[in-house]
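Please read them with the structure open.

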Amino acid sequence: MADLTPLLDTLDMVTVRSAGVLDPELTDRAAGDVRALRLQRGYLGDQLVVALAGGTGSGKSSLINALAGRPVASVSTVRPHTDEPLALISSDTGSGIDSLLESLGITRTVSQSTFEHLVILDLPDVDSIAEWHRRIVEDLLPRIDVVIWVFDPEKYQDRLLHDAFLKPLAAWGSQLIFVLNQIDRLEDDETRLVATDLAGYLGEDGYEHPAIFLTAASPAEGTPVGVQALADYLSTRLDEKRVAFTKTIAEAGRITRDLASAANVWGGGSVDFEDRWGRVRDATAAALATGPDPAEIEDALCRVEDFVAAIGVEVGDDFGDRIRSEFPLTRIETDVHAVAKT
């Protein structure tokens, strides 16, 4: 589906080419607005890109299987287990996601049809002894929409996870949600105590109102618990993403309209420069080819001067001034006389 990166690339090119032609204040403002659009957190497209992160044994792979409704990620208690990211992509995913995954070095993909416009990444274990695991996680997080941090009842207090990963990420707090998984291993009162304790730790990390979901993605008996509530929440975030996506499209349209209106080309008309210049050039060359006759030279001068003047009027004040400054009458006279002598 849609990816805004090519659109913003085009806007960048337009603002650069407008420099020196349009009002500098306008082009500077447009360039700043495009930069602001690029700096929006998350994936610049209409897909919601979600990553599952957490420590070894927290049950990330089980959770992604529960969300997908079928086994798509292998499950193991071996440390470390998830050695490279896996992307669970919806069937309506387009080239924009392909480009994102390629840039992130993610090659393992599995298709799913349960959630439209949703991409879920199963990330490497962040407490692995392999340093490159951490680098992958740290590279991924700023470029996706939502991070689901998965804890288990035993290691949710792990200071390494809190100090090395969660505290530095508190500035992106709105993008993180938290899952206390494997609650089937706890009694009901224990679940409440652990959830309250986890909320306290996250508060110390800098998360004022952390969203915490309680799940049993792969219980010993029965069906997954709490996964549907998490899925419903992701659907809400997808709706919010669509609203933000629409606003970004509208803002890109406004930037385009401002630049095009200043250049007097917003109406969509064309001055047919190439065809008109071709006719003027051919007629002028044919006239001068007969020899340096003063009448023919004067006719050639008038023909070119009239063409420059007409184009200058039709494209508007800013472009018109640029054209007139680049092709003054003295330059036209010099060039025409030079051609007449050859």
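**Notes on the central sheet and the cores**

1. Leu-88 has Ile-120 of E4 as its bridge partner. Four bridges join E2 to E4, and the two strands run antiparallel. Helices (H or I, at least four residues) and strands (E, at least two) are DSSP runs, numbered from the N terminus. Two strands pair if DSSP finds at least two bridges between them.

2. On provenance: this is a predicted model, in which local features need pLDDT of at least 70 and side-chain atom pairs count only at pLDDT 80 or more, while totals for chains, interfaces and linings use all residues. Residues are numbered from 1 along each chain as its sequence is written, and side-chain values use heavy atoms, with hydrogens and water left out.

3. The protein chain contains 12 helices and seven strands. Of its 342 residues, 44% count as buried (under 20% relative accessible area; exposed is over 50% and partly exposed in between, with a 1.4 Å probe and protein chains only). The accessible surface of the protein chain is about 17,400 Å², and 54% of that belongs to carbon and sulfur atoms (Shrake-Rupley method, 1.4 Å probe; for residues, only the protein chains shown count as cover). Among contacts with a separation of 6 or more, 73% are between residues 24 or more positions apart; contact means heavy atoms within 4.5 Å.

4. The seven strands form an open sheet with mixed pairing, in the order E3-E2-E4-E1-E5-E6-E7. Strand E3 (108–112) and strand E7 (212–214) are the edge strands, each pairing on one side only. On average, neighbouring strands of this sheet are turned by 25 degrees against each other, direction ignored. Axes are lines fitted to C-alpha atoms, for helices over the stretch in contact, and angles run from 0 to 180 degrees between N-to-C directions.

5. Strand E1 (residues 48–54) is joined to strand E4 (residues 118–122) by five bridges, and the two run parallel. Val-50 has Ile-120 as its bridge partner in E4, and Val-49 stands opposite Val-119. Which way do the side chains of E4 point? Leu-118, Ile-120 and Asp-122 point one way from E4, Val-119 and Leu-121 the other way, and all are buried. Five of the five residues of E4 are buried, so this strand is largely enclosed by the rest of the structure.

6. Helix H6 (residues 159–166) lies across strand E5 (146–151) and strand E6 (176–180), and runs at about 165 degrees to E5. The structure holds five aromatic pairs (rings of Phe, Tyr and Trp, the last by its six-membered ring, with centres within 6.5 Å; planes under 30 degrees apart count as stacked, over 60 as edge-to-face and the rest as tilted). The rings of Trp-149 and Phe-165 make a tilted pair, because their centres are 6.3 Å apart and their planes stand at 40 degrees. Trp-149 lies in strand E5 and Phe-165 in helix H6, so this pair ties together parts that are 16 residues apart in sequence. Trp-149 is buried at a relative accessible area of 0%, and Phe-165 counts as buried at 4%.

7. For Tyr-156 and Tyr-201, the ring centres are 6.3 Å apart and the planes are at 90 degrees, so the pair is edge-to-face. Tyr-156 lies in the loop between E5 and H6 and Tyr-201 in helix H7 (residues 188–205), so parts 45 residues apart in sequence are tied together. Both Tyr-156 and Tyr-201 are buried. Elsewhere, ring pairs link Phe-151, Phe-178 and Tyr-207 into a cluster.

8. The largest nonpolar core has 38 residues, and Leu-121, Trp-149 and Phe-151 have the most contacts inside it. A nonpolar core is a set of buried Ala, Val, Leu, Ile, Met, Phe, Trp, Tyr and Cys residues joined through side-chain atoms within 4.5 Å. At least two residues of this core come from each of E1, strand E2 (86–90), helix H4 (95–103), E4, E5, H6, E6 and H7. H7 gives the most, with five residues. Not counting residues up to four places away in sequence, Phe-151 touches residues including Tyr-156, His-162, Leu-166, Phe-178, Leu-198 and Leu-202.

9. A second, separate core has 26 residues, among them Val-72, Leu-88, Val-150 and Ala-217. Ala-217 and Ser-61 are 156 residues apart in sequence and 9.1 Å apart in space, C-alpha to C-alpha. Ser-61 lies in helix H3 (residues 60–68) and is buried, with a relative accessible area of 7%.
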